[in-house]
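Me: I would like to go through this model with you, one topic at a time. Could we begin once it is on screen?

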Amino acid sequence: MAKISQTQEVIKVMESNGGYSTLMNLYQAVDFTLWKTKTPDATIRRIVQDQRHFFKIRPGLWALKEFRNKLPKDVLNLIDDGNQTVDSILDIHSYNQGVLISSGNLMGFKTYVPAQDKNRKYLGEYLGNIATLSSIPLFTYEAILKRIRTIDVIWFENNVLTPFPNKVFEVENSTDFIKSFNKFNELKYFAVEKIIVAPDYKKKQFEDTINWDIYKELKQSVKFWDYDVLEQSYVYYAKSKFNSLFY
């Protein structure tokens, strides 16, 4: 029997998954036991960049070219074709939340998503089922908790009796940053990383808004992640989990 190439192994996994896959799924599902490489995760990342067979849909999500018109509607909505609809904007927002929740889970954090988003989906899975917390931990005053319960994704420490937030994320695909900064402002005296995830073209708007005087105590603690940074972080977290499982 002819030996299956590494590229064919990746294609086979994607085909069995409907023509698309996250990097983490590839790490877990591809049979690389016979691969003559010490870094199969890096090999997989190189393979999916072969434009003869694959194309990137979103950060950390790749698909087979031959399946482009056969993908599920919610996955098709994630493709940036310059003609976004209300549904596609919502699906992209939910996908980015799913990436952040999945990344937090990979790193061993407890993960939270607000109640209004629990029934939104990430690649067919409800966000509420992916997040590990069903409610926000009571780590501070109720008045503050009430105002931050709608933050898009929160990572909580996993090794304490009352989990404390480690990172908080707001995803801003189509709106301004004011509501996000107002939520972050509630945590300005907490040692918590505050991160905005948005398209690169919105960075100028982000910088202009964070320089408003009302946010002067917040400015130094808020970071901007464009989609490239989101992907790089996901790859880093997935690689870390991969290494912990296989080495």
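**Leu123 and onward**

Reply: Leu123 is partly exposed, because its relative accessible area is 22%; the class lies between buried, under 20% relative accessible area, and exposed, over 50% (1.4 Å probe, protein chains only). This is a predicted model, in which local features need pLDDT of at least 70 and side-chain atom pairs count only at pLDDT 80 or more, while totals for chains, interfaces and linings use all residues. Residues are numbered from 1 along each chain as its sequence is written, and side-chain values use heavy atoms, with hydrogens and water left out.

Me: What is the phi of Leu123, and where is the residue placed?

Reply: Leu123 is not a glycine, yet it has a positive phi of about 50 degrees. It is placed in the loop between β5 (121-122) and β6 (125-126); strands (E, at least two residues) and helices (H or I, at least four) are DSSP runs, numbered from the N terminus. Most residues other than glycine have a negative phi.

Me: Changing topic: in what order do the five strands of the open sheet run?

Reply: The order is β4-β7-β8-β9-β10, with mixed pairing; two strands pair if DSSP finds at least two bridges between them. β4 (110-112) and β10 (222-225) are at the edges with a single partner strand each, so one side of each has no neighbour in the sheet. On average, neighbouring strands are turned by 20 degrees against each other, direction ignored; axes are lines fitted to C-alpha atoms, for helices over the stretch in contact, and angles run from 0 to 180 degrees between N-to-C directions.

Me: Which helix packs on the sheet, touching β4, β7, β8, β9 and β10?

Reply: That is helix α5 (residues 86-106), whose direction makes about 5 degrees with that of β7; contact means heavy atoms within 4.5 Å. Helix α9 lies across β9 and β10 and runs at about 170 degrees to β10.

Me: And how many bridges join β8 and β9?

Reply: Five bridges, in the parallel sense, pair β8 with strand β9 (residues 193-197). Val171 has Val197 in β9 as its bridge partner.

Me: On to the rings: how many aromatic pairs are there?

Reply: The structure holds 17; rings of Phe, Tyr and Trp (its six-membered ring) pair if their centres lie within 6.5 Å, and planes under 30 degrees apart count as stacked, over 60 as edge-to-face and the rest as tilted. Phe177 and Phe181 are stacked, because their ring centres are 5.9 Å apart and their planes at 20 degrees. Phe177 also forms an edge-to-face pair with Phe206, at 5.8 Å centre to centre and 85 degrees between the planes. That pair links distant parts of the chain, 29 residues apart: Phe177 is in the loop between β8 and α8 (178-185), and Phe206 is in helix α9 (residues 203-210).

Me: Are Phe177 and Phe206 buried or exposed?

Reply: Both Phe177 and Phe206 are buried.

Me: Last topic: which residues have the most contacts inside the largest nonpolar core?

Reply: They are Val10, Leu23, Leu26, Ile57, Leu71 and Val197, in a core of 52 residues; a nonpolar core is a set of buried Ala, Val, Leu, Ile, Met, Phe, Trp, Tyr and Cys residues joined through side-chain atoms within 4.5 Å. Apart from it lies another core, of 25 residues, including Phe177, Phe181, Phe184 and Val222.
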